[in-house]
Amino acid sequence: MGSRGRSIRLRIYFLVAIPLITMLGLFGYVAYTSVTNWLNLDRAPVLIRATSIPITNFVTFLQDERRAAMVYESQPTAANLAAYQSAVTASKNGLSAFEGVVNSSATTQNATATETAALTKMVTDVTTMSGLRGEVVGKKLSPIDTFQAYSEIIADQDTIFQAQSASMTDTVASAQGLGLISIVNAREDLSEQDAVLAGALAANSLTGPDRAAFGLAYGRQFQDTQLYERLLTPAELAQFNTTFNQQASPTEI
């Protein structure tokens, strides 16, 4: 892999580690200028404001856990096991806040049947992760199989946000919601690339399945970026780009 591989990893890791302020600021901007203005009598903005940021924050724990799992399975040292167990603990600690949001009145009183089903599925998938975690610790899965298992759970986030966007009664606001979803998905695409590359560096080997997973995530990132650049208004895109560039200046990466 060499220094070139490590340089790529550092760039990806820095981007994935950018504070959520970028996305959160854009959520707030759209909520203020668009969704609230058009849908202030609709239950959709109440639900979105109650769930979007807490869900994204919780998914960050799962993404970190996935990465730690990939590193441990690629290089099963005591230090890497401890790092994985620490990541698992962080996810478990964050679960109560996530479940609290799902069970809050703002959610239960405003979610449609489709949205409720999506939220319930994510809670179920997350609360039944003990089997997956046991297989990781017991080294019963390959790194790429672990990657796929974690990614399927994290994908529940997209299902929830898609259901919320589809339920919006204003087509313009719905389009902007899809733009926000594309930003969240682009962040997950970067996280997937980082997890695969971190595992490959730990193993000092990039397998064919690793290359395929990395390439697919990179391709989705390109598509998601193209999508949000088309769907967001010029003002919203400028808001995002300004914050993003402040958090990830070229001189730092």
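Analyst: The axes of α7 and α8 cross at roughly 160° and come within 11 Å of each other. Here an axis is a line fitted to C-alpha atoms, for helices over the stretch in contact, with angles taken between N-to-C directions from 0 to 180 degrees. Helices are DSSP runs of H or I with at least four residues, strands are runs of E with at least two, and both are numbered from the N terminus. The model is a predicted one, in which local features need pLDDT of at least 70 and side-chain atom pairs count only at pLDDT 80 or more, while totals for chains, interfaces and linings use all residues. Residues are numbered from 1 along each chain as its sequence is written, and side-chain values use heavy atoms, with hydrogens and water left out.

The angle makes α7 roughly antiparallel to α8, on a scale where under 35 degrees is roughly parallel, over 145 roughly antiparallel, 65 to 115 roughly perpendicular and the rest oblique. Their crossing is left-handed; the term applies if the near helix is turned anticlockwise from the far one by less than a right angle, and right-handed if clockwise. On the α7 side the contact (heavy atoms within 4.5 Å) uses L132, R133 and V136, and on the α8 side T146, A149, Y150 and I153. By class this comes to 5 nonpolar, 1 polar and 1 charged residues. Ala, Val, Leu, Ile, Met, Phe, Trp, Tyr, Cys and Pro count as nonpolar, Asp, Glu, Lys and Arg as charged, and the others, Gly among them, as polar.

The loop between α7 (130-137) and α8 (143-154) holds K139. K139 has a positive phi of about 55° although it is not a glycine.

Next comes the pair α9 (residues 156-166) and α10 (residues 171-203), whose axes come within 9 Å and cross at roughly 170°. These helices are therefore roughly antiparallel to each other. Q157, D158, F161, Q162 and S165 of α9 meet S174, G177, L178, I181, V184 and N185 of α10. The classes in this contact are 4 nonpolar, 6 polar and 1 charged.

α10 also packs against α3 (residues 44-74): the two axes cross at roughly 20° and come within 7 Å. That angle makes α3 roughly parallel to α10, and the crossing is right-handed. From α3 the contact takes T56, T60, Q63, R66, R67, M70, V71 and S74; from α10 it takes R187, E188, S191, E192, D194, A195, V196, A198, G199, A202 and A203. These residues divide into 7 nonpolar, 6 polar and 6 charged.

A200 also lies in α10. This residue is buried, at a relative accessible area of 1%, where buried means under 20%, exposed over 50% and partly exposed in between, with a 1.4 Å probe and protein chains only. A200 and Q75 are 125 residues apart in sequence, yet their C-alpha atoms are 9.4 Å apart in space.

The loop from α10 to α11 contains N204. N204 is exposed, with a relative accessible area of 59%, and has a positive phi of about 60° although it is not a glycine.

D210, A213, A217, Q221, D224, T225 and Y228 are the buried positions listed for α11. An α-helix has 3.6 residues a turn, so residues three or four places apart point the same way.

Helix α6 (residues 113-127) carries L119, which counts as buried at 2% relative accessibility. Leaving out residues up to four places away in sequence, L119 touches I55, V102, T107 and I160. L119 and N103 are 16 residues apart in sequence and 9.7 Å apart from C-alpha to C-alpha.

For the chain as a whole, the secondary structure comes to 12 helices and 0 strands. Buried residues make up 48% of the 253 residues. Of the contacts between residues at least 6 apart in sequence, 84% join residues at least 24 apart.
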